[in-house]
Amino acid sequence: MRFREVMMVVGILRLTLHLPNSGSLKARRHILAGLLRRLRDRFDVAVAEVGERDRWQLAEVGVACLSADGRHCDEVLARVLAFVERNAGEAQLTEVRTELIRL
C-alpha cells in the first residue's frame with residue numbers, strides 16, 4: 001500500500017517572560033501554571049516551560065502547533081501571542097521568536 005505524502009507544518013513560538021514580582025520559584029510556577037493551562041485549553045496547542053527554569057524572574061515558554069497548512073499554524077501562533085500579551089498579568093514579554101518547519 002502506498003501512502004500519499006501530505007505536507008506537514010510545525011509552528012513554533014518561543015516566548016521569554018520577565019516576572020518582576022516573583023520572589024521564589026514557587027511563585028513563578030504559580031504564575032506560569034495558569035497561563036500555560038489557559039493556552040492549552042483555549043488554543044489546543046502543546047505548551048511547556050523550555051528554559052530558564054531555575055531563575056525566579058525569568059521564564060521561557062514554548063508553544064507548538066501542527067497543521068497541514070502553514071497559514072493556519074501562523075494564525076494560531078499569532079492568536080496565542082495576542083492572548084499572552086493581553087492576559088499575562090504581571091509577566092512582561094521580553095522576546096518573541098517564531099518558526100515554521102515544513103516536513
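Which side chain does the side chain of Arg28 join in a polar contact of 2.8 Å? I looked it up: the partner is Glu49. I took a polar contact as N or O atoms within 3.5 Å, where within protein one must be able to donate a hydrogen and the other to accept it, and residues adjacent in sequence count only if both atoms are side-chain atoms.

Notes on the model. I am working on a predicted model, in which local features need pLDDT of at least 70 and side-chain atom pairs count only at pLDDT 80 or more, while totals for chains, interfaces and linings use all residues. Residues are numbered from 1 along each chain as its sequence is written, and side-chain values use heavy atoms, with hydrogens and water left out.

Arg28. I placed Arg28 in helix 1 (residues 25–43); helices are DSSP runs of H or I, at least four residues, numbered from the N terminus. Arg28 has a relative accessible area of 1%, so I logged it as buried (under 20% relative accessible area, 1.4 Å probe, protein chains only). Beyond four places in sequence, Arg28 touches residues including Glu49, Glu52, Arg53 and Trp56, contact being heavy atoms within 4.5 Å.

Aromatic pair. I searched the whole structure and found one aromatic pair. Phe43 and Phe83 form this pair, edge-to-face, at 5.6 Å centre to centre and 75 degrees between the planes. The cut-offs were ring centres within 6.5 Å and, for edge-to-face, planes over 60 degrees apart. Phe43 lies in helix 1 and Phe83 in helix 2 (residues 70–87), so the pair ties together parts 40 residues apart in sequence. I noted both Phe43 and Phe83 as buried.

How values were computed
Helices (H or I, at least four residues) and strands (E, at least two) are DSSP runs, numbered from the N terminus. Buried means under 20% relative accessible area, exposed over 50%, partly exposed in between (1.4 Å probe, protein chains only). Rings of Phe, Tyr and Trp (its six-membered ring) pair if their centres lie within 6.5 Å; planes under 30 degrees apart count as stacked, over 60 as edge-to-face and the rest as tilted.
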